[in-house]
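Look at the structure first, then read on.

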Amino acid sequence: MADMAIKNAPGVTVENITFSLSKSHRQIVSTLDSNPPVNTCTWQHKSRYGQPIRNFTDNNQTLILPTVPEDQRYQDTGEYVCTAENGIEGINGQLKQRGSGYVSSNALPVITTDNKDNSTQYGKYGKSTKVYVNVYSIPKYSSISWYIGNTLLESNKYTFKEEPAMVKDVFYGVEVQLDGYRIT
């Protein structure tokens, strides 16, 4: 009697992970379950809202993120998609199967690039003036300080307001929408 092996398309899962600010060696792991086996996949990095950011040439099950300075690691936040195939169609009728996980990369707060439109804001001397700044921060910042030049403004003289806002920044050369904050 012959052995019958059941063939199946890859099941692809990718772990969700949060990287600390100090962790410079960062990797994302996918699990590929199939017959015949496959141990390679193509990787893509997308924003929380599905905007493609970058594709990787590393086709291993474990994606090792390129080393970047601490002040740029926040750009690694997003969805990581692993696509694998072994020649067998999945129940979706497709040869290529996908799995994804979400990566949060803790980093220092950044003033986002969409502030360039408001880089100069005006008010009338002696009158109340609102100054707006968009910020992206994971985890959320713990304090806010405002300066004029190198002079710290006295917080008891001013009121501050913060609210969640959709902000824009550039991740690896691609403008993306982010969940951030508007500070007034």
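A salt bridge here is a side-chain nitrogen of Lys or Arg within 4 Å of a carboxyl oxygen of Asp or Glu. The model is predicted. Side chains of opposite charge can pair when their charged atoms come close.

**Salt bridges**

The structure holds four salt bridges.

| Pair | Closest N to O distance |
|---|---|
| Arg-26 and Asp-76 | 1.9 Å |

Take Arg-26 and Asp-76, which form a salt bridge. Arg-26 sits in the loop between strand S2 (17-19) and strand S3 (27-35), and Asp-76 in the loop between strand S6 (62-64) and strand S7 (78-84), so the pair ties together parts 50 residues apart in sequence. Is Arg-26 buried or exposed? Arg-26 is buried, because its relative accessible area is 0%. Asp-76 also has 0% relative accessibility, so Asp-76 counts as buried. A network of salt bridges links Arg-26, Arg-54 and Asp-76.

Asp-179 is partly exposed at 42% relative accessible area. Arg-48 is partly exposed at 48%.

Lys-140 lies in the loop between strand S10 (133-136) and strand S11 (147-148), and Glu-162 in strand S13, so the bridge ties together parts 22 residues apart in sequence. Lys-140 has a relative accessible area of 38% and is partly exposed. Glu-162 is partly exposed at 35%.

**Surface patch**

Ile-144, Tyr-158 and Phe-160 make a nonpolar surface patch of about 250 Å². Phe-160 is in the loop between strand S12 (151-152) and strand S13 (162-171). Its relative accessibility is 35%, so Phe-160 counts as partly exposed.

**Pocket and cavity**

The largest pocket holds about 700 Å³ of space. Its lining has 23 residues; Thr-129, Lys-130, Val-131, Leu-153 and Tyr-158 lie nearest the centre. By class, the pocket lining has 10 nonpolar, six polar and seven charged residues.

How many cavities of 30 Å³ or more does a search of the whole structure find? The search finds one. The largest cavity has a volume of about 30 Å³. Its lining residues are Tyr-74, Thr-77, Ser-105, Ala-107, Leu-108, Tyr-136, Ser-137 and Ile-138. Five of the cavity-lining residues are nonpolar, three are polar and none is charged.

How values were computed
Residues numbered from 1 in each chain as written. Predicted model: local features only at pLDDT ≥ 70, side-chain atom pairs only at ≥ 80, totals over all residues. Heavy atoms only, no water. Patch = residues over 30% accessible without salt bridge, like charges linked within 9 Å, V, L, I, M, F, W, Y side chains within 5 Å. Areas by Shrake-Rupley, 256 points an atom, 1.4 Å probe, with all protein chains shown as cover. Helix = DSSP H or I, 4+ residues; strand = E, 2+ residues; numbered from the N terminus. Buried < 20%, exposed > 50% of the residue type's maximum accessible area, 1.4 Å probe, protein only. 1 Å grid on protein atoms, 1.4 Å probe; cavity = no way out; pocket = protein on both sides within 12 Å on 5 of 7 lines; lining within 4 Å. Points joined across faces, edges and corners; volume = space filled by probe spheres on them. Nonpolar A, V, L, I, M, F, W, Y, C, P; charged D, E, K, R; others polar.
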